[in-house]
Amino acid sequence: MLIPYDLTSFKVLIKKLFPPKKCVFTVDTTGDGKVDSIQIKVINLLIPFVVPENIEIGDFDIKSFDIDNFDLSEHTKLFLDEIQIKISKESINLEMIKDHFTIYHKEESFKLDDILKGKFSGRTIALGDRVSVLIKLDEENLNLLSKGKHSFKIESDSISNLIINFELDKTNMNLKFDPKNT
């Protein structure tokens, strides 16, 4: 039986970690002038920590994780502005996810396969460090990200619901991606 982690007491902290006008950006990663990705930044405002070698949440253990036989939709629901994002094994291309999901820390990038192989483990995330998640999106999902207020919600049996409220305007939309500014 899974015992859910309770994040409800951290709602104020979540707003500090993900400031609404400074945490989400639409970016062009190829330099062709077209937005192709969303960048989510988080700033470590808590304490310095080291990324553990083995990440365990409930029954999830990264060392025994097999992405090819994992269906995220069995464990989690994702919503953008109350519209559920399709994440079932049948609706997504795992190879595409491996290629379209990158974490940046101190200008160094880590693809999903790198993370699963433990290459992100052991890194110290100092107080004030930023970690960015860059997700390449298709045009349909990018079109949902218009100017104005939005919310991204994660529902799961393993953790309490997490809602990240953000706002897009000319200061954080249609930007050229800069790995030095992650």
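Mentor: Gladly, and please keep in mind that this is a predicted model.

Trainee: Why is the pair of F110 and F120 called edge-to-face?

Mentor: The ring centres of F110 and F120 are 5.0 Å apart, and rings pair if their centres lie within 6.5 Å. Their planes stand at 65°, while planes over 60 degrees apart count as edge-to-face, so the pair of F110 and F120 receives that name.

Trainee: Which parts of the chain does this pair tie together?

Mentor: F110 belongs to strand β9, whereas F120 belongs to the loop between α3 (112–116) and β10 (124–125), so the pair links parts that are 10 residues apart in sequence.

Trainee: How do you know whether F110 and F120 are buried or exposed?

Mentor: Buried means under 20% relative accessible area. F110 has 4% and F120 has 11%, so F110 counts as buried, and F120 counts as buried too.

Trainee: What makes you say that the charged end of K41 sits over the ring of F25?

Mentor: The charged end of K41 is 4.8 Å from the centre of that ring, and the distance has to be within 6 Å, with the charge also within 35 degrees of the ring normal. K153 likewise has its charged end over a ring, that of F79, at 5.1 Å from the centre.

Trainee: Where does β9 stand in its sheet?

Mentor: The open sheet has six strands in the order β9-β8-β11-β2-β1-β14. Because β9 (108–111) and β14 (175–176) each have a single partner strand, they stand at the edges, and one side of each is left without a neighbour in the sheet.

Technical notes:
Residues numbered from 1 in each chain as written. Predicted model: local features only at pLDDT ≥ 70, side-chain atom pairs only at ≥ 80, totals over all residues. Heavy atoms only, no water. Pairing = 2+ DSSP bridges. Helix = DSSP H or I, 4+ residues; strand = E, 2+ residues; numbered from the N terminus. Phe/Tyr/Trp six-rings, centres within 6.5 Å; stacked < 30°, edge-to-face > 60°. Buried < 20%, exposed > 50% of the residue type's maximum accessible area, 1.4 Å probe, protein only.
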